[in-house]
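Work through the exercises below with the sequence and coordinates open. Try each task before reading its solution.

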Amino acid sequence: MNFTYHSVKSAAHGGRPDAAPGALIVGGAHVTIGVARSLGRHGIPVWLLGNHPHPRFSRYVQRSFSWPGPDSKNGVASILDIATRYDLNGWVLLATGDEDMRMIAQNHATFASQFRVTTAGWDTIRWIYDKRLTYERAASLGIDCPSTFYPGDLDEVRRLNCRFPVILKPAYRKGVNAFIRAKAWKADDRNALVSLYQRAAALVGNEAIIIQEWIPGSGNSQFSYAGLWNRGDAIVSLVARRTRQYPLNFGRSSTFVETVEQDQVDNLACRFLKSLDYTGVVEVEFKYDQRDRQYKLLDVNGRFWTWCGLGGLAGVDFPYLAWRQALGQTISPGRARTGVAWMYTSRDIIAAFQEMFRGTLNVSNYLAGFRQPLVFVNFALDDPLPAIAELPAVAWYRLANKLNPRSRNYCAAASTADHRFGDR
């Protein structure tokens, strides 16, 4: 099988026959650090399957593997081979990326023969993986979404009756390219729309492109519901505001997220998830449209999200609770406390300076964010190395991808170069 194992140091079950089952995280980048810390602090062995070097610096990632990726013909087989080779039967399988989620959902029965799977089956996941189906279901439930168009070709785009600006975004992830990485391209007029559509179509094809009205407002107009569900009922949950993001107008990533009370967001998300009889972790994103005073559904994620580490500080430790759910353990219902924050420091500094330049943020309000309970994407007192290694690790990963364009999605070169940090 096409995978590389880095730095073995302990038995699969922690060297003890009575040890709790470990967790195999599929994916990489910053979200994995939050998941690994949550589990590792509870003494759960954490292994990682992915090719981004950054998470391997965490003290809580005991072992790491490179692999061909979810779109490879050997992707599923390589995971099963690892499970057999290292006796991971009964371990918990966790997804951190959209394609990882799709792969696990589409092969749910196969993975369930070896693992305890936290991802729902494809009959459920397809409604959140493909945004076209997401918006269709939301509309049938009376949940507002931005006005959305699905043109079949360039001629339809030229005739499209829409008001500008609009955004173009992928209906689902299809490979890794400039359009997928950007998440959305904004078009202020018809000429820009036609040009961007042509670029996007060349990368992902006509059928994978959505054109959607742009809702004005920055991150403080964007809210997320996050929860752990069981058969159509919430067990634990929170609502958070994306107070700052980068870029400001429609961010590729959150930079400062705070837990808040917002019943309308909670109710809308619950209506959608109940309709799916949903089980597992989930994040549902909304944006408040000041023009008609409605919260509009943007996206649904059936896997762990970048700021999931916020939950632990707020009293709803999503990765650990998902692990317990997978083992069939009883979980007490709960709701996160408000006023707890998460920060992606390096990007938030840029976002904050831009907001100060616009006059929408002052120094006093920015510093106030550090006085509330706060968790960071990379830094933790008990796990400082990911923060120290962030810049060199990301720089090397990007350089390796540029030097090896055939491995844009899963870069074995970057992984191999970082092997000495994979298992300490």
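**Exercise 1.** Classify Asp 81 by accessibility: is Asp 81 buried, partly exposed or exposed?

*Solution.* Step 1: take the cut-offs. Buried means under 20% relative accessible area, exposed means over 50%, and partly exposed lies in between, with a 1.4 Å probe and protein chains only. Step 2: apply them. Asp 81 has 22% relative accessibility, so Asp 81 counts as partly exposed. Step 3: look at the partner. The side chains of Asp 81 and Arg 85 meet in a salt bridge, with 3.3 Å from N to O. A salt bridge here is a side-chain nitrogen of Lys or Arg within 4 Å of a carboxyl oxygen of Asp or Glu. Arg 85 is exposed, at 52% relative accessibility. Asp 81 and Arg 85 sit four residues apart in helix 2 (residues 75-85), so about one helical turn separates them. Helices (H or I, at least four residues) and strands (E, at least two) are DSSP runs, numbered from the N terminus.

Two notes apply throughout. The model is predicted: local features need pLDDT of at least 70, side-chain atom pairs count only at pLDDT 80 or more, and totals for chains, interfaces and linings use all residues. Residues are numbered from 1 along each chain as its sequence is written, and side-chain values use heavy atoms, leaving out hydrogens and water.

**Exercise 2.** Find which parts of the chain the salt bridge of Asp 266 and Arg 335 links.

*Solution.* Step 1: check the distance. The closest N and O atoms of Asp 266 and Arg 335 are 2.5 Å apart. Step 2: locate both ends. Asp 266 lies in helix 10 (residues 263-275) and Arg 335 in strand 16 (residues 334-335). The pair links distant parts of the chain, 69 residues apart. Asp 266 is buried at 14%, while Arg 335 is partly exposed at 33%. Step 4: widen the view. The structure holds 20 salt bridges. A network of them links Arg 163, Glu 213, Asp 289, Arg 291, Asp 292 and Lys 296.

**Exercise 3.** Describe the largest nonpolar core: how many residues does it have?

*Solution.* Step 1: define the set. A nonpolar core joins buried Ala, Val, Leu, Ile, Met, Phe, Trp, Tyr and Cys residues through side-chain atoms within 4.5 Å. Step 2: count. The largest core has 76 residues, and Phe 111 and Phe 115 have the most contacts inside it. Helix 9 (residues 190-204) gives the most to this core, with seven residues. Step 3: list neighbours. Contact means heavy atoms within 4.5 Å. Leaving aside neighbours within four places in sequence, Phe 115 touches Leu 24, Ile 79, Ala 83, Leu 88, Trp 91 and Leu 93. Step 4: look for another core. A second, separate one has 40 residues, including Leu 39 and Phe 304.

**Exercise 4.** Work out how helix 5 and helix 6 are oriented to each other.

*Solution.* Step 1: read the geometry. The axes of helix 5 (residues 122-129) and helix 6 (residues 131-140) come within 5 Å and cross at roughly 95°. Axes are lines fitted to C-alpha atoms, for helices over the stretch in contact, and angles run from 0 to 180 degrees between N-to-C directions. Step 2: classify. Angles under 35 degrees count as roughly parallel, over 145 as roughly antiparallel, 65 to 115 as roughly perpendicular and the rest as oblique. Helix 5 and helix 6 are therefore roughly perpendicular. Step 3: name the contact. Helix 5 contributes Arg 126, Trp 127, Ile 128 and Tyr 129, and helix 6 contributes Lys 131, Leu 133, Thr 134, Glu 136 and Arg 137.
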